[in-house]
Amino acid sequence: MTTAIEVRGLRKDFPVRDKGILGPRTLKSAVDGLDLDIPRGRVTGLLGLNGAGKTTTIKILATLLRPSAGTVRVDGLDAVADARAVRRRINLIAGGERMVYSRMTGRENLWYFGQLYDVPRAELRRRTGELLELVGLSDAADTMVERYSRGMTQRLTIARGLVNRPDYLLLDEPTLGLDAPIARDLRRVVADLAAHDGTGVLLTSHYLAEVEELCGHVYVISAGRHLAQGSPAELKAATGSHRTVRLTVTDPSERTRAVADAFGATREPLPDGGELITLRHPDDMAGPLTAAVVGAGGSVGGLEIAEASLEDAILTLAESGVAGLVSPEDAGPTGSRAAGEQNGSASGAASDGQEAGSGRCPAEAAGTPAEAAGTPAGTAGPSDGPAGSRRATVGAKGGSR
């Protein structure tokens, strides 16, 4: 039996009206022929611009949406036919979602969701205390969630996602709204889960520094289709993402300017009479450029080197539409995308696509925390279960955390 989540030829279509509410319906693909492998013991990234299909993909993997075509297998179990068994192996943490009950305390939420997963009572009691301490909510454990701040609610959502010690953890913008210390602690927990507990993790994140820190392998998608895959370093190298060298020359001369021009660098005069030389290049050119400027009689007042950015690589891939980059040691089946094609995603469109095993629309299917937690079909939850719909997600606009 394969111990991984295997996605093959995944497609999700939504009917939309292009010309107002009275216009004819057409099918738009939010996910179109996607192949993914999420093995145990690795953090795998799923990146793309807004509307790329990331959240739709995660909801299909979480059994909250039924795919229009293709297969999702979790340790060999079909995510549609064997949805109940799959839900016991996975959990979902989504930033910006209301995935806990406001009319219960933090402790009661964890106890409730733990019981849904059949966690033994003694273990659940211990686990609840550990998770509340992990997310910094021990002092607010017996406070109603409706009195929590947004950051506190998100921290409780993280604890809820770990309550059953899942084999596979699906993270959709998990650090959204978190303070830096809590976000850092979550990254440490996620890394430990993969490295020491053998948990398979799928991560989408607005913070690309987070992706670089955690992910050993990244898939890049656009309009629901595969563009590229590989390690963050491989993606940056393959797309020609450049290092940036900024050299401050305190006494510029015609000779130093000639050197800058020969390297293909730009020159910018500074208020103090100096000059800033900026060079972007895929190789490390800081040494050769500095040596050449000094050799030309220039004095260096400062040197700054900025490494190639994963954000640049993602934007380059999305804008060029170049498909087919594959990590050499992890090649696998991929989808394709015609260069420059701009289909647009229907991820945020209203639809009547069905959740696996139900006749409800996606907004309803994704709305109740019990179902987001993987509750077996038919399990009743508290009466205050929210029914909010998913906001559009972002994943390629980067920044540090």
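In which sense do strand β7 and strand β8 pair, and over how many bridges?

Good morning, colleagues. This is a predicted model, in which local features need pLDDT of at least 70 and side-chain atom pairs count only at pLDDT 80 or more, while totals for chains, interfaces and linings use all residues. Residues are numbered from 1 along each chain as its sequence is written, and side-chain values use heavy atoms, with hydrogens and water left out.

Let me begin with the overall composition. The protein has 13 helices and 14 strands; these are DSSP runs numbered from the N terminus, a helix being H or I with at least four residues and a strand being E with at least two. Of the 401 residues in the protein, 51% are buried. Here buried means under 20% relative accessible area, exposed means over 50%, and partly exposed lies in between, with a 1.4 Å probe and protein chains only. As for contacts, meaning heavy atoms within 4.5 Å, those with a separation of 6 or more come to 74% from residues 24 or more positions apart.

I turn now to the sheet. An open sheet is formed by six strands in the order β6-β7-β8-β3-β9-β10, with mixed pairing. Two strands are said to pair if DSSP finds at least two bridges between them. In general, strands of a sheet pair through backbone hydrogen bonds, either parallel or antiparallel. At the edges stand β6, residues 90–94, and β10, residues 225–230; each has a single partner strand, so one side of each is left without a neighbour in the sheet. From one strand to the next, the twist averages 20°. Axes here are lines fitted to C-alpha atoms, for helices over the stretch in contact, and angles run from 0 to 180 degrees between N-to-C directions.

To answer the opening question, β7 (residues 168–172) and β8 (residues 200–204) pair in the parallel sense, over five bridges. Within that pair, Tyr168 has Gly200 of β8 as its bridge partner. On the sheet packs helix α5, which touches β6 and β7 and whose direction makes about 170° with that of β6.

Strand β6 also runs parallel to β7, and five bridges join the two. There, Leu92 has Leu170 of β7 as its bridge partner. Five of the five residues of β6 are buried, so the strand is largely enclosed by the rest of the structure. Both of its faces are covered, with Ile90, Leu92 and Ala94 on one side and Asn91 and Ile93 on the other.

Leu170 leads us to helix α1. The C-alpha atoms of Leu170 and Lys59 are separated by 9.0 Å, although the two residues are 111 apart along the chain. Lys59 belongs to α1, residues 54–61, and is buried, with a relative accessible area of 12%. The helix as a whole is mostly covered, eight of its eight residues being buried. After α1 comes Thr63, whose phi is positive, near 65°.

Two further residues deserve attention for their backbone angles. Most residues other than glycine have a negative phi, and most peptide bonds are trans. Arg165, by contrast, has a positive phi near 45°; its place is in the loop between α5 and β7, and at 45% relative accessibility it counts as partly exposed. Ala223 likewise has a positive phi, near 50°. Ala223 lies in the loop between β9 (217–222) and β10 and, at 10% relative accessibility, counts as buried.

How many cavities of 30 Å³ or more does the structure hold? It holds two. A cavity is a set of points, on a 1 Å grid over the protein atoms alone, where a 1.4 Å probe fits but cannot get out, and lining residues have an atom within 4 Å of a point.

Finally, Thr244 is found in strand β11, residues 243–249, and counts as buried at 10% relative accessibility. Leaving aside neighbours within four places in sequence, Thr244 is in contact with Thr278, Leu279, Arg280, Glu304, Ile305 and Ala306. Thank you for your attention.

Note on methods:
On a 1 Å grid over the protein atoms alone, a cavity is a set of points where a 1.4 Å probe fits but cannot get out, and a pocket is an open set with protein on both sides within 12 Å along at least five of seven lines; lining residues have an atom within 4 Å of a point. Grid points are joined across faces, edges and corners, and a volume is the space filled by probe spheres set on the points.
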